[in-house]
Amino acid sequence: MIPRISLRQALADPALLGGVLDGESWKPWHTLLIAAMGEELTQDERTVFKKFTGRDREPGRRVEEFVGIKGRRAGGSYAGGKVVIPYLAGLCEHPSLVRGERGVLLCVVADQRQADVILDYADASFRASPVLSQLIEARTQRELRLNNGIDIEVRAADYRRLRGLTFIAVIADEVAFWSSDYSANPDDEILNAVRRSRVVEEIKRRKGTPTADHLKLVLSVIEGPRFPSKDA
Ligand SMILES: Nc1ncnc2c1ncn2[C@@H]1O[C@H](COP(=O)(O)OP(=O)(O)OP(=O)(O)O)[C@@H](O)[C@H]1O
Ligand SMILES: [Mg+2]
């Protein structure tokens, strides 16, 4: 993924995402998302960053995964829908997609209500920008199709339906509330399925052939230390 503009610049530009995270109350999300994209923070922002992460400095490179542990009504869907989706799908390039292949920005959600919330946020951000609005090709209940080869899709938490897609990014909304008739731990199954797909894409991009051992190794690096599972 190659940003065409930094997230900080996009959030300051009225023709792009300007105004979406303005004001003191949005400063934590503003700071954390910019840091997650690998961009540099100001000293003032580092104080905010430390308060929420316990770390002295931002990572300095784009993170593989961003995990937000938050309470209700904390702006999670807003940040994902209004900022992360339009930025990654509309303002970044995805050179690993081959000609004719569509990239999917997937939002996995707990239920239809959350699907509507997050897609409506994304839709509103695209339509508010004279630049991003030109990318909209079609909107359906589950999908925002862009004319740059990217589909933004919302899907219920069902890992069996995730095969065969090339993800440019995955937003997992309200993971703690996912449930499924087919799996005791849909969160683990789904997140591992999408991680695996990302790893395969990365290996292919480097012109390699993914093997089972290769996948296990890379997955263990990506996963890092895990929080105890809900059943623990
Ligand atoms: N930091 C904030 N500053 C201003 N408004 C906020 C902030 N955080 C949340 N809100 C507002 O609160 C409402 C809920 O936001 P959002 O739906 O993004 O929260 P959420 O974390 O996804 O909540 P839920 O757990 O209910 O899904 C929205 O109207 C949003 O604009
Ligand atoms: Mg939400």
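## Exercises on a predicted model

The residues around ligand 1 in this predicted model are S25, W26, K70, R72, R73, A74, G75, G76, S77, Y78, V117 and E174.

**Exercise 1.** Sort the shell around ligand 1 by residue class, and find which element gives the largest share.

*Solution.* Start with the classes. The shell divides into four nonpolar, four polar and four charged residues. Next, look at the elements. Helix α4 supplies the largest share, three residues.

**Exercise 2.** Work out where the buried residues of α5 sit around its axis, and what they pack against.

*Solution.* Begin with the helix itself. Helix α5 runs over residues 112-128 and has 17 residues. From first C-alpha to last it reaches 24 Å, close to the 24 Å expected. Now list its buried residues: A115, I118, L119, Y121, A122, S125 and F126. They share the same side of α5 because they cover an arc of only 150° around the axis. Residues three or four places apart point the same way, because an α-helix has 3.6 residues a turn. Turn to the other side of α5: Q112, R113 and R127 are exposed there. Finally, find the partners. The buried residues pack against α4 (76-90), β3 (103-109), β4 (136-139), β5 (143-146) and β6 (150-156).

**Exercise 3.** Decide whether L16 is buried or exposed, then trace its contacts.

*Solution.* Locate L16 in the loop between α1 (7-12) and α2 (27-36). Count the C-beta atoms. L16 has 23 others within 10 Å, so L16 is buried; the cut-off is 20 or more. Now set aside neighbours within four places in sequence. L16 then contacts A10, L91, S129, V131 and L132. Last, check S125 of α5. The C-alpha atoms of L16 and S125 are separated by 8.6 Å, though these residues are 109 residues apart along the chain.

Definitions and conventions: Residues numbered from 1 in each chain as written. Chains lettered and ligands numbered in written order. Predicted model: local features only at pLDDT ≥ 70, side-chain atom pairs only at ≥ 80, totals over all residues. Helix = DSSP H or I, 4+ residues; strand = E, 2+ residues; numbered from the N terminus. Expected span 1.5 Å × (residues − 1). Buried ≥ 20, exposed ≤ 12 C-beta atoms within 10 Å, placed from the backbone. Arc of directions from axis to C-beta. Contact = placed C-beta atoms within 7 Å. Near = placed C-beta within 6 Å. Nonpolar A, V, L, I, M, F, W, Y, C, P; charged D, E, K, R; others polar.
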